[in-house]
Amino acid sequence: MAVLVGKQAPFFDGDKTFSAVLGDGQIVDNYSFKDATAGKYAVVFFYPLDFTFVCPSELIAFDHRLEEFKQRNVEVIGVSIDSQFTHAAWRNTAVEQGGIGQVGYTLVADIQHALCQAYDVEADEGVAFRGSFLIDRSGVVQHQVVNNLPLGRNIDEMLRMVDALQFTEEHGEVCPAGWNKGKKGMKASAEGVASYLAENAKEL
C-alpha cells in the first residue's frame, strides 16, 4: 500500500478528466479534479461498488455532513469503479430501497480503474478498498486512511482531521493526540511539548 501523504495527489494537476455525476445530478464527461478543487481543500473517498451494503451508509453519512465540509471550504468527491450511469441510477433510488438519494457531492466513474490504482486502493477483487484522502489547497495529500471492505469509516473523524489541518495552517502549532476543534494546540519545540504535557498529560 502506497503512502501518499506529503505527495501530490494523483490527477490533481488536471492532466486527465473523468466521467462523473455532479451534486446537482448532471452527468459530465470532462470532470477535472484540478478545476473542481481550485482554491479548496478536498476529501476524495473510494468505496467498492454502488448498490451494495456498507457503501450506502457511508455515502449518506457524507451527505448528512456535507454542509459542515462546505463551511470548511472542502470539496467532497466519491469514487468507485461503477459507471456514471450506475451512479445516477443509485442517486435516483430512494434510501428506503437501498439507494443513496440525491447526495449533494460528485461521484466519479473510475471504470478503467485509473484512480483506484493511482491511489493504490485496488483490492484483489478489482474493487476499491474504503480509502479516504484529505488533500490541501496545493493538491498535496495530508491524511489518508484505508479500511478493508467490511469496515465502514467514521466521517466525523475526517471532519476532525480537516479541523486539525486548518488549525495548524492558521496557528503554526501541531495537534496532539485526541485534539478537537476548540482545544489547545502544541508548539513544535521541547518547551512546547513540556508545557502542553504539564497541563494535559492526565487527560490523554
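Me: What are the ground rules for the numbers and cut-offs here?
Reply: This is a predicted model, in which local features need pLDDT of at least 70 and side-chain atom pairs count only at pLDDT 80 or more, while totals for chains, interfaces and linings use all residues. Residues are numbered from 1 along each chain as its sequence is written, and side-chain values use heavy atoms, with hydrogens and water left out.

Me: How do you know whether the radius of gyration agrees with that of a compact globule?
Reply: The radius is taken over C-alpha atoms, and the globule rule is 2.2 Å times the number of residues to the power 0.38. For 204 residues the rule gives a value near 17 Å; the chain has 18 Å, so the two agree. The C-alpha trace spans about 55 × 40 × 35 Å along its principal axes.

Me: What surrounds Val-108?
Reply: Val-108 belongs to strand E5 (residues 106–109). A contact means heavy atoms within 4.5 Å. Leaving out residues up to four places away in sequence, Val-108 touches several residues, including Phe-18, Ser-19, Ala-20, Tyr-31, Ile-77 and Leu-115. Asn-200, by contrast, is 92 residues from Val-108 in sequence and 43 Å from it in space, C-alpha to C-alpha.

Me: What share of the contacts in the chain join residues at least 24 apart?
Reply: Among contacts between residues at least 6 apart in sequence, 64% join residues at least 24 apart.

Me: Which other strand pairs with E1, and in what sense?
Reply: E1 and E5 pair in the antiparallel sense over two bridges, with Leu-107 in E5 as the bridge partner of Val-21.

Me: How do you know that both faces of E1 are covered?
Reply: In a regular strand the side chains alternate between the two faces of the sheet. Phe-18 and Ala-20 lie on one side of E1 and Ser-19 and Val-21 on the other, and all are buried.

Me: Over how many bridges do E6 and E7 pair?
Reply: Strand E6 (residues 130–135) and E7 pair over six bridges, in the antiparallel sense. Ile-135 has Val-141 in E7 as its bridge partner. This hairpin has five residues between its strands, with Gly-139 at a positive phi near 85°.

Me: What makes the phi of Phe-51 worth a remark?
Reply: Most residues other than glycine have a negative phi. Phe-51 has a positive phi, near 55°, and sits in the loop between strand E3 (41–46) and helix H2 (54–64). Asn-73 also has a positive phi, of about 65°, although it is not a glycine; Asn-73 is in the loop between helix H3 (66–71) and strand E4 (74–80).

Me: Why are Phe-51 and Asn-73 called partly exposed?
Reply: Phe-51 has a relative accessible area of 42% and therefore counts as partly exposed. Asn-73, at 32%, is partly exposed too.

Me: Where does Asn-148 lie, and which residues does Asn-148 touch?
Reply: Asn-148 lies in the loop between strand E7 (141–147) and helix H6 (155–171). With a relative accessible area of 44%, Asn-148 is partly exposed. Beyond four places in sequence, Asn-148 touches Phe-129 and Arg-130.

Note on methods: Helix = DSSP H or I, 4+ residues; strand = E, 2+ residues; numbered from the N terminus. Buried < 20%, exposed > 50% of the residue type's maximum accessible area, 1.4 Å probe, protein only. Pairing = 2+ DSSP bridges.
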